Every structure is written in structure tokens, then in C-alpha cells.
Amino acid sequence: MSKRKIELNEKVEKLAAKYLKTYDIDLDTLTNKALKVYLIDHLSSSQIKEALRENDNTSSNYSGRLFPNNIDDLNL
């Protein structure tokens, strides 16, 4: 997937800066983790299966586990 430019509003940028410093991670890692949680929560199970099947054949192995104990099992 292509790189996307994002612009944070002032309050979110301050919160993100604090989080990044506290947990010593980069913005890309934070963004990917946050988006994964948000998207899994807001898409239906059929939408998730469809997206994984369309975008990555290896990820389709995980499409049966839509709400795993560990969200990283989806390997997004």
C-alpha cells in the first residue's frame, strides 16, 4: 500500500508526542497499531474477510479469526 501523509490536529499531536516519548516508539508504529484496533472494531466480519482476501493472500489464513484474543494474530 502506498504511503499516506497525515496531519494531526494540535491536541492529538501533543498527546501523540507524549505517548511516543513515554513508550519509545515511532509514529508509524503507533499509527498502524491504532488504525488496526479502530478498523477491526468498526468493520463487519465480512468486510474484514473481504479486505484480507483482496489485499493479501497470506493474510486470508487469518480471516477466520476476526476477534482473536490477541489482535496481532490478524497480522495486518
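Asn9 caps the N-terminal end of helix H1 in this predicted model. A side-chain oxygen of Asn9 lies 3.2 Å from the backbone nitrogen of Lys11. Helix H1 covers residues 10-23. It holds 14 residues and reaches 20 Å from its first C-alpha to its last, close to the 20 Å expected at 1.5 Å a residue.

What follows H1? Just after the helix, Asp24 takes a positive phi of about 50 degrees. Most residues other than glycine have a negative phi. Asp24 is a residue other than glycine with a positive value. It sits in the loop between H1 and H2. Asp24 is exposed, because its relative accessible area is 70%, above the 50% cut-off.

The start of H2 has a contact of its own. There, a side-chain oxygen of Asp26 reaches to within 3.2 Å of the backbone nitrogen of Asp28. Helix H2 runs over residues 27-42. Its 16 residues should span 22 Å at 1.5 Å a residue, and the end C-alpha atoms are 22 Å apart, so the two values agree.

**Overall fold and confidence**

The protein chain has three helices and zero strands. Along the sequence, the pattern reads α-α-α. Of the 76 residues in the protein chain, 13% are buried.

The mean pLDDT of the protein chain is 80. A score of at least 70 is reached by 68% of the residues. Where pLDDT is low, the predicted coordinates should not be read in detail.

**Salt bridges**

How many salt bridges does a search of the whole structure find? The search finds two. Side chains of opposite charge can pair when their charged atoms come close.

| Lys | Glu | Closest N and O atoms |
|---|---|---|
| Lys5 | Glu7 | 3.6 Å |
| Lys14 | Glu10 | 3.4 Å |

Take the pair of Lys14 and Glu10. These residues are four apart in helix H1, so about one helical turn separates them. An α-helix has 3.6 residues a turn, so residues three or four places apart point the same way.

Now the pair of Lys5 and Glu7. Lys5 is exposed, with a relative accessible area of 72%. Glu7 is exposed at 68%.

**Nonpolar surface patch**

Which residues form a nonpolar patch on the surface? They are Ile6, Leu8, Val12 and Leu27. Together they have about 290 Å² of accessible area. Leu8 is found in the segment before H1. Its relative accessibility is 32%, so Leu8 counts as partly exposed.

**Reading the helix ends together**

For H1, the side-chain oxygen comes from Asn9 and the backbone nitrogen from Lys11. For H2, the oxygen comes from Asp26 and the nitrogen from Asp28. Asp24, with its phi near 50 degrees, lies in the loop between these two helices.

Methods
Residues numbered from 1 in each chain as written. Heavy atoms only, no water. Patch = residues over 30% accessible without salt bridge, like charges linked within 9 Å, V, L, I, M, F, W, Y side chains within 5 Å. Areas by Shrake-Rupley, 256 points an atom, 1.4 Å probe, with all protein chains shown as cover. Salt bridge = Lys/Arg side-chain N within 4 Å of Asp/Glu carboxyl O. Buried < 20%, exposed > 50% of the residue type's maximum accessible area, 1.4 Å probe, protein only. Expected span 1.5 Å × (residues − 1). Polar contact = N/O pair within 3.5 Å; in protein donor to acceptor, adjacent residues only side chain to side chain. pLDDT = per-residue confidence, 0-100.
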